[in-house]
Structure formats: structure tokens, C-alpha cells
Amino acid sequence: MNNKSFMRKVLVCLLWVVSFASSAQSYVIEQVKDNVYRFSAGHYHSVFMITDKGAFVTDPINADAAKWLKKAIHSRFGVAIKFMAYSHNHIDHTLGGEFLVDEQTTVVAHRYADEDMRWTKAPVRFADVTFTDSFTAELGQSSVQLSYFGPNNGRGNVSMHFMPANVMFVVDWVVLGRMPYKDLQGYDIHGMIRSTEQLLASHDFDILVGGHAQMGDKGDVRRYLAYLKTLYNSVRDALLAGHTLTQMQQQLHFPEFSHLPMYQQWRAQNIAGVYRTLIEESYFNFRPDVSVKENEH
């Protein structure tokens, strides 16, 4: 390819990005690696994979985002959407699926995510296929392996491993380059630690894309796991020592993680989230070796 041809192709791509960005400035598509792309709708992210057999898409996020992404995939790549997979049940990631699918799209979800969406009568496109432990979708020479590592955030939250690009997609229970969200609403702190350990042990991925915040590698995931363990262990030990939640929020600081965005805003709320888990799930207030004031929970 000569330089003029190359520059023409670059210009066409840039014009495509600008034209779509001008109509919806909060929607962005960027190539992660090879045939795997990240779609961003504000501070929400999903992932899709393009093959000559069709596209594999993940969370629709909402109706407007889903409509925009479907149009973008059709116009830019010229392929049908063969699979749509939900990361988990939370409505802020699952809305709009009916606008993202094509006529022959197979919708996939973990059985617990699907069960929750059906039981709660969520206004979403329900799954055609569910699974318990793992599910693999194959599209030509590419594949996506969905794996369930147990409870972590919401119900039926799974990892998605895109091959051969070797890109991992995880929503909410791994968040890179930022503090975990506020007071950990919907988080199972035990499960998040366990699931992240299993993710690191069972998959050798190059890049991890999250449903929020930044992309990173396995080193970034290990640093995130270190924060979760530090947070949990610190709150547990303070509670065992008889400290109140207010005392913990005043005294517990994590200087090795203070560089993370939202550290100042969410540190105290992260502490409250783990404290709540220890009271509500681990019943620390019923233990004879722990002194918890009734008005502290």
C-alpha cells in the first residue's frame, strides 16, 4: 500500500469517528486489540468482537447506546450481530438489549442473571441461552469464553475472555484505575476477592477492560486485589478491636492507594461498605468476642 492510499484510509476512519461523535458526543468506539473493541457511553463501557462470521457484543447499557452501537457495527463493519452476552443482571448494564440484537442474534446470560431479570420482570431482552459454570461462543477463528466464579457483584456476574486477541472483559467486580464504587452497593466483598483471585489464576490475559474506569493488565488487577484485601482486613481488624464505624472512617487510611481517583471522596464509604458486610453477612454483632454498639449497625 502506498502512502496516499494509507492516508486516504486513515482519513476515512477519522471522518467516521467524527461523524458519529458529532451526533452523540458521549459514544466512542476504540480498538482494544486485533478484532476486539471497547464501546463507551459516558462512564460505562462494553466490549464487542468483529469476525467474518458476525459480531459478538456485550452489555447494551441503555436503549440509546444500543441503537447507536448497532448502527455503528452495521455501517462500519458490515456484519450481523450473532451473539449478545450480559455480564450480569444489573439494570444499568442490561437495558436496551432489544435494540442491539439482530433477527438471528443469540442472547446469552448466566442462569442467575437470567433468573433475576425474569423474577423481577426487568424491562430487558431475556436470554435465549443460559449456563452454570462456563459457556463458549465460537465465531470462525475467534471465540469468547464466559466463566462464572461465584457471587461477586450483582447476580450471575461473569468474565468474558476474547481469543485469540487475549482480551478479558469484567464488569464491576474488577475496577482498574479508580476506587470501588462508593459504599459498595451490590458488592459481595468476599466474592470479589475470591473471584479476582480465581480470574488471575485461571486466565492469562493481556488486557482487561472493565465496565467502568480504565483498561489495564494483570499487574493492574493484582494491585486492585491488594486494595480489596487491605480494605477488608483493616475494617475487620478494627471491628475486632472494638472500634466504631465512625472511628474507622476517621482513623483508617491507605496511603499506598491514595493516588487512586475518588480516594478522598470514597475512602470512608468503602469502609462503611465492608463494615456493613461484616454486620449483615458475617453477623459480627452476634459474636461474643466482638463489641458492637446497637446504634452502630
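Helices (H or I, at least four residues) and strands (E, at least two) are DSSP runs, numbered from the N terminus. The model is a predicted one, in which local features need pLDDT of at least 70 and side-chain atom pairs count only at pLDDT 80 or more, whereas totals for chains, interfaces and linings use all residues. Residues are numbered from 1 along each chain as its sequence is written, and side-chain values use heavy atoms, with hydrogens and water left out.

**Exercise 1. Confidence**

State the average pLDDT of the chain and identify where pLDDT stays under 50.

Solution. 
- Step 1: pLDDT is the predictor's confidence in each residue, from 0 to 100. Its average over the chain is 92, and 90% of the residues score at least 70.
- Step 2: Residues 4–24 stay under 50. With contact meaning heavy atoms within 4.5 Å, the model has 11 contacts beyond four places in sequence for residues 4–24.

**Exercise 2. Strand E3 and its partners**

Determine how many residues of strand E3 are buried and which strands are joined to E3 by bridges.

Solution. 
- Step 1: Buried means under 20% relative accessible area, exposed over 50%, and partly exposed in between (1.4 Å probe, protein chains only). Of the 8 residues of E3 (residues 44–51), 8 are buried.
- Step 2: Tyr44, Ser46, Phe48 and Ile50 point one way from E3, while His45, Val47, Met49 and Thr51 point the other way.
- Step 3: Two strands pair if DSSP finds at least two bridges between them. Strand E2 (residues 36–41) is antiparallel to E3 and is joined to E3 by 6 bridges; Tyr37 has Phe48 as its bridge partner in E3.
- Step 4: Strand E4 (residues 54–57) also runs antiparallel to E3, with 4 bridges, and Phe56 in E4 stands opposite Met49.
- Step 5: The hairpin of E2 and E3 has 2 residues between the strands, and Gly42 in this hairpin takes a positive phi near 65°. A hairpin through 2 residues joins E3 to E4.

**Exercise 3. Backbone exceptions**

Which peptide bond is cis, and which residues have a positive phi although they are not glycine?

Solution. 
- Step 1: Most residues other than glycine have a negative phi, and most peptide bonds are trans.
- Step 2: The bond from Met163 to Pro164 is cis, with omega near 5°. Pro164 lies in the loop between strand E10 (158–163) and strand E11 (167–170).
- Step 3: Asn166, found in the loop between E10 and E11, has a positive phi of about 65°. Asn166 counts as buried because its relative accessible area is 11%.
- Step 4: Ala213 has a positive phi of about 65° and lies in the loop between strand E12 (207–210) and helix H7 (218–240). At a relative accessible area of 23%, Ala213 is partly exposed.

**Exercise 4. The surroundings of His110**

Is His110 buried or exposed, and which backbone oxygen does its side chain reach?

Solution. 
- Step 1: His110 is found in strand E6 (residues 106–110). Its relative accessibility is 0%, so His110 is buried.
- Step 2: A polar contact is a pair of N or O atoms within 3.5 Å; within protein, one must be able to donate a hydrogen and the other to accept it, and residues adjacent in sequence count only if both atoms are side-chain atoms. The side chain of His110 reaches the backbone oxygen of Thr132 at 2.6 Å.
- Step 3: Beyond its neighbours within four places in sequence, His110 is in contact with residues including Phe131, Tyr148 and Val158.

**Exercise 5. Helix H7**

Solution. 
- Step 1: Among the buried residues of H7 are Val221, Leu228, Val235 and Leu239. The cover over the buried residues of H7 includes helix H6 (189–202), E12, helix H8 (245–251) and helix H9 (263–280).

**Exercise 6. The nonpolar cores**

How many residues has the largest nonpolar core, and which have the most contacts inside it?

Solution. 
- Step 1: A nonpolar core is a set of buried Ala, Val, Leu, Ile, Met, Phe, Trp, Tyr and Cys residues joined through side-chain atoms within 4.5 Å.
- Step 2: The largest has 44 residues, and Val174, Leu199, Leu208, Val235 and Leu239 have the most contacts inside it. Two or more residues of this core come from each of E11, H6, H7, H8 and H9, and H7 gives the largest share, 10 residues.
- Step 3: Another core, of 30 residues, lies apart from this one and includes Ala55, Val79, Met84 and Ala113.
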